[in-house]
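Let's take a friendly look at the aromatic rings in this structure. Here it is.

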Amino acid sequence: MKKRSILLVLLVFLVSLLSFASGVNNVIFFIGDGMGANHMLLASYLEGYELTMMKAPYTGYALTYSADSNVTDSAAAGTALATGYKTNNGMIGILPNGEIVSTISEVLAKEGYKTGIIATSRITHATPASYYGHVLDRDDD
């Protein structure tokens, strides 16, 4: 059996706990591709009010740098978010050694949860593809 990332296991546990303990029916994982805390803070300053997303009762963050570069791309960052593992720039759902890793969508689906992916970009763009895809190069079909 493949090793699962601690982050991925914790996410699945959190979803399960929320579903059963507090009557939560849905968990929505929003990703502001390329956006960090400083971007939100600047937008808040420029707009003159606290953004709604900054008022959420629960928030989290993940470090999404890639395994092979100080400057990450969407494929490596999306894979970090979707699997909890770091990978090389350009790779989606695959570790640098070529091992395929399960995404949170796949793990939850195996546990009987319904999952879906919605994107404002094309669904095959690197970030949304990281939740269902496994390719060595983000430009692969």
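## The aromatic pair

Searching the whole structure turns up one aromatic pair. The rings of F29 and Y131 have centres 5.9 Å apart and planes at 90 degrees, so this pair is edge-to-face (rings of Phe, Tyr and Trp, the last by its six-membered ring, pair if their centres lie within 6.5 Å; planes under 30 degrees apart are stacked, over 60 edge-to-face, the rest tilted). Distant parts of the chain are linked by this pair: F29 lies in the loop between α1 (6–21) and α2 (37–47), and Y131 in the segment after α5 (126–129), 102 residues apart. Helices here are DSSP runs (H or I, at least four residues), numbered from the N terminus.

The model is predicted: local features need pLDDT of at least 70, side-chain atom pairs count only at pLDDT 80 or more, and totals for chains, interfaces and linings use all residues. Residues are numbered from 1 along each chain as its sequence is written, and side-chain values use heavy atoms, leaving out hydrogens and water.

## Around Y131

Y131 is buried, at 9% relative accessible area, while F29 is partly exposed, at 43% (buried is under 20%, exposed over 50%, partly exposed in between, with a 1.4 Å probe and protein chains only). Leaving aside residues up to four places away in sequence, Y131 touches F29, I31, G78, L81, A82, T103, I104, S105 and I117 (contact means heavy atoms within 4.5 Å).

Conventions: Helix = DSSP H or I, 4+ residues; strand = E, 2+ residues; numbered from the N terminus.
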